[in-house]
Amino acid sequence: MDLTELPKCTVCLERMDESVNGILTTLCNHSFHSQCLQRWDDTTCPVCRYCQTPEPVEENKCFECGVQENLWICLICGHIGCGRYVSRHAYKHFEETQHTYAMQLTNHRVWDYAGDNYVHRLVASKTDGKIVQYECEGDTCQEEKIDALQLEYSYLLTSQLESQRIYWENKIVRIEKDTAEEINNMKTKFKETIEKCDNLEHRLNDLLKEKQSVERKCTQLNTKVAKLTTELKEEQEMNKCLRANQVLLQNKLKEEERLLKETCDQKDLQITEVQEQLRDVMFYLETQQKINHLPAETRQEIQEGQINIAMASASGPPSSGSGGKLPPRKGRGKRGK
């Protein structure tokens with residue numbers, strides 16, 4: 001019971017012995033091996049992220065919602081969140097990480113989320129900013145309390161580191177589980193992708209075959225089109241020639257119709273003339289018969305008589321004389337007995 005366990009360095013997790021290694025204590029009252037602290041390239045504390053060369057920061061705000069009122073900083077990782085009466089981001093950080101202690105930025109009081117109360121022995125000194133207890137009367141009480149404070153803080157830090165280890169191990173397990181599920185999903189998707197690739201390859205082969213058949217058909221159709229184009233040109237030339245021949249034949253037909261019309265007119269004139277001649281012959285024959293039925297004396301008188309042609313009257317044929325001879329026709333001589 002009268003022995004005290006040496007604290008551990010939070011960087012290398014080895015025991016800190018002043019007789020063996022040099023020990024450095026930061027402004028936030030955290031101790032480390034000097035070599036470990038030299039390898040730490042940041043100006044903040046490895047435990048609470050307290051800046052060892054602090055600069056005045058006037059615009060502290062919550063990491064999640066950005067408010068600037070009632071802010072709390074985690075003494076383990078340095079996360080800044082708003083209080084439980086604003087948006088509870090500091091308490092949500094405790095629920096996620098199990099970081100128990102948070103310090104209010106306005107009055108530097110430390111809150112214990114596990115005990116749900118202020119830890120009055122762990123307050124920030126107004127002179128140097130270190131986490132110390134309230135001052136009491138007497139040097140012995142002061143030293144005992146400081147030793148008890150250091151021991152208790154070491155235990156608290158150890159427990160916090162253990163909880164931090166458990167938290168990160170659980171997080172690693174969850175990440176591994178999620179990664180395994182994601183890998184399985186990726187394998188399933190990879191198999192599906194391979195199947196789709198195979199299907200697409202088969203489809204591509206089918207399309208290539210169809211393309212070759214279509215190209216053959218297209219070649220045949222192009223040949224037919226060229227042939228039909230040639231035939232069309234020939235037909236057009238033939239049609240052109242036929243149209244020219246048609247025009248010539250139409251002209252010839254018109255000429256033949258004109259000649260036929262002229263021939264018909266001539267034939268009509270000839271027929272008319274022949275009809276007139278036939279009428280004259282019939283008149284002559286009728287007259288000859290009538291004369292033959294007359295007595296001989298009358299025939300003699302008619303034979304010896306003469307015919308005088310006078311102007312024909314409008315009411316009838318021209319009058320004949322006592323001679324009894326027929327009048328001569330146009331283009332004919334005098335008829336005899």
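Tyr91 is partly exposed, because its relative accessibility is 21% and this class runs between buried, under 20% relative accessible area, and exposed, over 50% (1.4 Å probe, protein chains only). The model is predicted: local features need pLDDT of at least 70, side-chain atom pairs count only at pLDDT 80 or more, and totals for chains, interfaces and linings use all residues. Residues are numbered from 1 along each chain as its sequence is written, and side-chain values use heavy atoms, without hydrogens and water.

Helix α2 spans residues 89-97, and its buried residues are His89, Ala90, His93, Phe94 and Thr97. These residues lie on the same side of α2, because they cover an arc of only 150 degrees around the axis. The arc is taken from the directions from the helix axis to the C-beta atoms. Helices (H or I, at least four residues) and strands (E, at least two) are DSSP runs, numbered from the N terminus. Just after α2, Gln98 has a positive phi of about 60 degrees.

Rings of Phe, Tyr and Trp (its six-membered ring) pair if their centres lie within 6.5 Å; planes under 30 degrees apart are stacked, over 60 edge-to-face, and the rest tilted. Tyr91 and Tyr113 form a tilted pair, at 5.7 Å centre to centre and 55 degrees between the planes. Tyr91 lies in α2 and Tyr113 in the loop between β6 (109-112) and β7 (117-124), so the pair ties together parts 22 residues apart in sequence. Tyr113 is buried, at 11% relative accessible area. Ring pairs link Tyr91, Phe94 and Tyr113 into a cluster.
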